[in-house]
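Here are a few friendly notes to read alongside the model. Take them one at a time, with the structure open beside you.

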Number of protein chains: 2
Amino acid sequence: MIESLERFKERVNRISRLGQIAALAGWDQQTYMPTGAAEARGEQMAVISEVIHELSVSDEMGALLGAAESDTAGLDEDTDEVRMLRVARRGFDLARKLPASLVADMSRHQSVAMGAWQEARSTNDFSKFAPALQITIDQVRESAGYLGYTNHIYDALIDQYEMGSSQAEIAAMYSDLTPHLVKLAAAIRAAAQVDDAAIHGDFPIATQKETTLKIVQALGYDLTRGRQDEAAHPFCTSFSRNDVRITTRYNAMFMQQALYASLHEAGHAMYEQGIPERFAGTPLSGAASLGIHESQSRLWENQVGRSRAFANYVFPILQTAYPETLSSSSPEAYYKAINRVESSLIRVEADEVTYNLHVALRFELECALLTGDLSIADLPEAWNARMKEYLGIEPPTNSVGVLQDVHWSIGLIGYFPTYTVGNLVSAQLWKTIREAIPDIDSNVESGNFAPLLGWLNKNVHSYGSKYLPGELVVKATGEPLKPAYYVEYLNAKYGEIYGL
Amino acid sequence: MIESLERFKERVNRISRLGQIAALAGWDQQTYMPTGAAEARGEQMAVISEVIHELSVSDEMGALLGAAESDTAGLDEDTDEVRMLRVARRGFDLARKLPASLVADMSRHQSVAMGAWQEARSTNDFSKFAPALQITIDQVRESAGYLGYTNHIYDALIDQYEMGSSQAEIAAMYSDLTPHLVKLAAAIRAAAQVDDAAIHGDFPIATQKETTLKIVQALGYDLTRGRQDEAAHPFCTSFSRNDVRITTRYNAMFMQQALYASLHEAGHAMYEQGIPERFAGTPLSGAASLGIHESQSRLWENQVGRSRAFANYVFPILQTAYPETLSSSSPEAYYKAINRVESSLIRVEADEVTYNLHVALRFELECALLTGDLSIADLPEAWNARMKEYLGIEPPTNSVGVLQDVHWSIGLIGYFPTYTVGNLVSAQLWKTIREAIPDIDSNVESGNFAPLLGWLNKNVHSYGSKYLPGELVVKATGEPLKPAYYVEYLNAKYGEIYGL
């Protein structure tokens with residue numbers, strides 16, 4: 001036992017546990033909190049964040065970390081201890097690079113900017129958001145300066161969410177991917193459209209609650225260590241591997257909204273539930289990155305949940321739950337309906353084919369804003385032009401265009417590409433899994449999800465945040481991330497559905 | 001503006017907000033937390049309690065408090081500032097008196113003792129709890145030594161919960177009260193019994209949820225700043241005056257369990273909701289004492305909720321909710337049924353007449369254990385003898401006797417009498433209120449609870465913890481606490497019901 005390491009872990013455990021309680025307060029805020037409590041909750045969240053930040057960047061923490069590093073200097077590079085200290089060092093150094101005054105300015109501006117964005121979106125007036133967005137961009141540029149980068153200002157930002165990635169890598173990813181997606185989306189627009197009447201109708205919500213819960217439990221989401229509640233914007237949150245909660249939302253005329261939100265969030269949740277107990281309260285207890293997290297939610301939502309095998313599995317369950325609504329439908333009609341592709345305006349409602357085009361345009365616009373190649377004033381026009389180019393449609397208003405996402409208003413610049421990384425990783429994992437578990441389709445069709453979850457537990461979840469996302473992809477699939485697998489997956493699937 | 005005072009308040013606000021988040025984690029633990037999360041939650045609660053404790057007793061806090069006291073030395077005794085600092089000083093000094101090692105020992109022993117108690121209760125074997133209880137008593141004695149007292153060791157303990165009270169005061173209270181209660185209970189046992197068939201039957205739970213919520217809302221419990229959930233042991237908890245939550249529990253054959261638990265907890269909740277915003281995050285944001293808190297819950301549960309006027313108000317609501325179950329009953333039959341008196345074994349199920357006899361015996365046994373006049377080995381026998389003396393019945397087993405309450409297992413010694421204080425204060429307030437609002441009965445009967453809540457807001461809630469409980473009773477009722485009002489209330493009410 002290395003004493004300095006134990007002291008360091010004890011201190012990190014304290015910070016980690018406070019973070020878990022803060023996350024619980026966040027969960028409550030979006031599920032059960034009475035409306036009148038908003039201001040008090042804001043104050044509570046600000047206080048606990050401040051306490052956590054102070055503990056995290058304290059000189060004492062720096063000394064404990066330094067001592068633990070010295071005393072473990074001889075250990076194997078691949079031990080938990082060395083990796084843990086590496087993750088901690090990275091977080092500590094990043095947090096110390098930002099001056100407290102800038103952190104405070106950004107935090108204060110965030111609520112102003114979010115208010116301006118809400119106002120702008122509800123009145124469809126971009127000019128009400130523009131000044132706040134300009135300040136956000138300036139602050140983000142300043143923070144990137146402190147964080148540091150060699151090639152591109154975006155490097156400093158993407159590296160916060162997708163560790164080890166860079167603007168060049170992300171740009172290359174989209175150069176590879178975008179033309180294929182544009183082409184496939186255009187081909188589908190020109191083909192005979194899929195009828196999705198099968199999934200619209202009368203779906204009373206009480207039955208949706210029961211049924212979605214039964215299905216995510218069948219996938220392997222452990223309800224003794226989790227639960228599902230309702231929220232306006234579905235999410236997954238974790239307060240330790242033994243308390244990982246999901247939320248969903250219900251539409252009484254369209255059950256797929258709840259079901260696919262539940263599948264998505266359960267994918268996130270099974271990742272968190274699968275991170276080993278030995279990492280609890282340490283810097284390795286998290287996910288490898290946002291992209292890897294998204295790969296898990298997307299794999300269960302799309303590669304599994306929108307497969308023909310899953311349609312064969314789930315349709316009888318849905319038909320039993322809603323015998324009248326689904327009396328004249330079939331698994332095959334259901335399969336087609338859930339895979340309808342449509343060039344649409346809103347990212348969060350987009351299908352597998354068009355989704356990443358929405359993200360690509362955000363990435364490109366973010367880069368241009370940061371380098372100064374694009375001014376805030378020209379942003380709406382640039383948005384609309386790219387929508388036309390990639391998706392063949394133009395937003396009739398800025399509210400359903402450039403103002404649709406919350407991210408920029410809360411300073412999340414450099415975050416969007418993690419969604420695409422997640423989608424690509426899910427396809428590459430799926431290809432590997434299909435080779436590793438040859439009878440995966442019949443497993444899914446018969447509701448036997450244990451082999452799949454077992455594979456993900458072993459090859460992804462068990463590592464926590466021990467490895468960088470790039471390292472993890474190589475460990476799990478044998479090679480670095482390649483957009484080609486996603487393109488192959490889409491072409492095969494949608495070629496068949498749309499007869500291309 | 002006094003700068004040192006502002007610095008002190010800023011620091012106290014931080015501690016107060018962390019305490020609110022810890023309370024939220026406690027609420028979640030008893031309502032929605034998945035079972036597998038128990039250990040992680042224990043760790044989270046331990047960490048945040050430790051952080052709060054360290055901040056509360058730090059030298060820095062002592063210096064801030066001292067500076068604020070110096071700089072406010074000339075202010076009027078009755079200002080919020082002076083009172084706030086007095087409450088803070090009291091808490092700071094008490095917390096600093098206990099050595100950290102004793103606090104840690106007590107905290108560690110608590111979970112052991114609670115486990116032993118649960119085991120002893122479920123196997124009906126007092127000897128399994130006795131050794132742990134001996135350690136608890138020894139620790140509590142030691143802590144009382146550090147806290148300090150002049151007359152009786154119990155003084156140091158009761159003063160933690162009912163500030164300014166003493167063993168002598170509590171003993172005098174019971175000397176006054178107990179003979180009257182014993183006499184009334186015996187007279188009722190000898191009289192013709194009340195039939196409570198009217199309140200037993202088929203009460204589907206979904207309707208209970210709706211109906212109890214509608215009723216507590218009608219009383220004045222503000223649901224934009226609160227909510228009601230289900231818990232095994234009903235409680236009220238507050239995370240600021242704008243987020244005060246209650247819980248209740250349902251029995252499908254006996255709606256009164258949920259209804260009266262809800263009335264009780266809503267009484268607590270309306271107190272917390274009524275504490276002024278200007279006290280938020282300061283040492284004055286709490287209740288005056290546990291006894292004053294209990295006076296509010298009991299007043300709404302008993303003086304209001306078990307009155308004939310309330311029976312006339314609520315019975316039609318219940319009959320509309322359960323037309324079949326209550327078809328042949330009446331408000332008068334309902335009134336009698338909810339006021340049935342019975343000498344029974346379990347404190348938490350006891351009626352207004354016998355309840356305080358249960359508490360009196362606990363107080364007497366606690367005193368005897370602390371002074372050494374009673375040994376742990378002789379405790380069950382002493383319990384049973386007093387039950388016989390006060391209530392005329394003897395517990396057939398220790399599980400429904402000396403082992404029934406959780407309090408002693410978690411170190412709560414000196415706490416029980418606050419329940420009786422609450423009952424007596426509720427009766428004394430009720431007498432004052434009946435004079436101040438002459439048409440209170442017709443108000444209650446017509447569902448107009450605003451005048452009553454307004455009176456309580458003004459005369460009790462608005463003070464927060466600015467005054468000691470004894471001071472508050474005088475402010476609100478014009479005289480110190482007198483058990484006679486409770487005795488008069490019981491004799492009048494139950495004399496009529498039982499024809500004594």
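1. Chain B gives 29 residues to the contact and chain A gives 29 residues; two residues count as touching if their C-beta atoms, placed from the backbone, lie within 7 Å. Please keep in mind that this is a predicted model, in which local features need pLDDT of at least 70, side-chain atom pairs count only at pLDDT 80 or more, and totals for chains, interfaces and linings use all residues. Residues are numbered from 1 along each chain as its sequence is written, while chains are lettered from A and ligands numbered from 1 in the order in which they are written.

2. By class, the side of chain B that touches chain A holds 14 nonpolar, eight polar and seven charged residues. Here Ala, Val, Leu, Ile, Met, Phe, Trp, Tyr, Cys and Pro count as nonpolar, Asp, Glu, Lys and Arg as charged, and the others, Gly among them, as polar.

3. Now look at the sheet in chain B. Its three strands form an open sheet in the order β1-β3-β2, with mixed pairing; two strands pair if DSSP finds at least two bridges between them. β1 and β2 (236–238) of chain B are at the edges with a single partner strand each, so one side of each has no neighbour in the sheet. Neighbouring strands of this sheet are turned by 20° against each other on average, direction ignored.

4. Three bridges join β2(B) to β3 (residues 244–248) of chain B, and the two run antiparallel. You can find B:S238 opposite B:V244 in β3(B). Against this sheet packs α1(B), which touches β1, β2 and β3 of chain B, and its direction makes about 150° with that of β2(B). Axes are lines fitted to C-alpha atoms, for helices over the stretch in contact, and angles run from 0 to 180 degrees between N-to-C directions.

5. Finally, turn to chain A, which is divided into domain 1 (3–97) and domain 2 (124–356 + 406–500); these bounds come from an automatic or database domain assignment. The contact takes 20 residues from domain 1 of chain A and 18 residues from domain 2 of chain A.

How values were computed
Helix = DSSP H or I, 4+ residues; strand = E, 2+ residues; numbered from the N terminus.
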